[in-house]
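Visitor: Could you put the model up and walk me through it?
Guide: Here it comes, and we can begin with the overall fold.

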Amino acid sequence: VNTGRMMRKWGPFEHETDTCAIDTLLQRAVLGCDDGVIRIFSTRTGELVKEIPAHSSGIKKVCTSPANGDILSAAYDQRIRIWDAQTLEPKIELARAATTWERSLNWSPDGASILAGTFDGTVLVWDAATGRLSQQVGDQKSAPGNACFNEASATPAGDMAVVSDDGYIRLAKLTAGASAWRGQFEPSSGRVLMNAVTLDSETRRVFTGTHDHRLMIFDWKADALVNERVLALGEGPINSIRVTHNPGFDGDAFVACYSGAVVHVTRAGAIKNKIRHHEGAVKALRIHPTQPLGVSCSADGLLLSWSLDGELLQRFPGHTAIVDDVDIDPTGKMIASAGRDFVLKVHSIAGGELLHAIRLGRRSPKSVCFLDEKTVVVGDYWGALIRIDLEHEKVSRIQIARNGISSLSRSGDALVATSYDGSIYLLRASDLEVINTLVGMTQRLQVNGSGH
């Protein structure tokens, strides 16, 4: 730390490493990896001490106890486990909570407690010795949950379904002349963070995907969601869902999962196939409007097309980092993708040729949408929209939100943008001017005890 000199380097590894910790007591580096394995190295010699197959899904957090070096690991399999520092054997598992979708965990300074900040806007406290959940701190009575929007799916008429961190499904109407919430629904099994939603106006169904690996299907009746069906996919958190109306697959859904699988679910609600062409979490997928094929992108940098039967069709010259989103243009000729290498790539679907590679600056993109075959819009993690004129490869930027643009979708002639700031923005396609807004919450910042 004093000199900035690198003392040691481990890797590269075959799997992503999302989290790491230093155990100063036992002189170890602890890595939590995307294959569910904890890898422990000696900071003194650099040697591998042990690999622990700790979880069935990617590990999102490791941290070590300041009291004795015990290791805490939390993963997308919804388990939080403690490993004995001396034996490196499992010691205890923390009790589950109804709102246990933690974003951050750590030990208390004396090692007696474990704390977690949740996506529900609360803090959980466990007894480290017993794993018992002792308290949940936060106001859950006046306004339970945290309406941090992750995706909206809209019809051309402006009807939409929205999902968020708080685990509610919201129905809304958003057009140039109307903005109204139409209903807020909690699944029968309780609230769990949801990243993915699709409203299929042809079959009048709403599909949502949860953080605890479940696909939920509802019938859409006016301003209500009824006839809830739940399918446990067991493939990690669900990132994206799309429905096709191609002949032979009419009404079937395709689901992008953290495990790397794309799960094909029939109209009747049964798992038909698990398409496994990706090596990392599938971040997004789209289904071609007329042809029986889909495209998907993933955390391993891959950008692929595949038949609806699951056959790999095309491996596009992908990105050098995580690919966050992909879209198909309205004519069905091109795909656009953007990733953590800060590049927008546009390919021909039929031949796979790279048509455009346009640098977007140094802010990570999150969402991508074709307005038409000549215009792509990208939303970034800072609340800005980037408009790309493909014909002239001209890039312009406009700030619309106070937090990241989590999703973009078309609604008739307009564009719908959801934001982590708790708002949904309707934008005029010609100039990206905000013409209407729906607000679910207003984020607050506490500074020295006073709200600002």
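Visitor: How many helices and strands does the protein have?
Guide: The secondary structure comes to zero helices and 42 strands, where helices (H or I, at least four residues) and strands (E, at least two) are DSSP runs numbered from the N terminus. This is a predicted model, in which local features need pLDDT of at least 70 and side-chain atom pairs count only at pLDDT 80 or more, while totals for chains, interfaces and linings use all residues. Residues are numbered from 1 along each chain as its sequence is written, and side-chain values use heavy atoms, with hydrogens and water left out.

Visitor: Which strands make up the open sheet of four?
Guide: The order is E25-E26-E27-E28, with antiparallel pairing, and two strands pair if DSSP finds at least two bridges between them. Strand E25 (282–287) and strand E28 (312–315) are the edge strands, each pairing on one side only.

Visitor: And E26 with E27, over how many bridges do they pair?
Guide: Strand E26 (residues 293–298) and strand E27 (residues 303–307) pair in the antiparallel sense over five bridges; Val295 stands opposite Ser305 in E27.

Visitor: Changing topic, what share of the residues is buried?
Guide: Of the 452 residues in the protein, 57% are buried, meaning under 20% relative accessible area with a 1.4 Å probe, protein chains only.

Visitor: What are the dimensions of the box?
Guide: The C-alpha atoms of the protein fill a box of roughly 60 × 50 × 45 Å, taken along the principal axes.

Definitions and conventions: Buried < 20%, exposed > 50% of the residue type's maximum accessible area, 1.4 Å probe, protein only.
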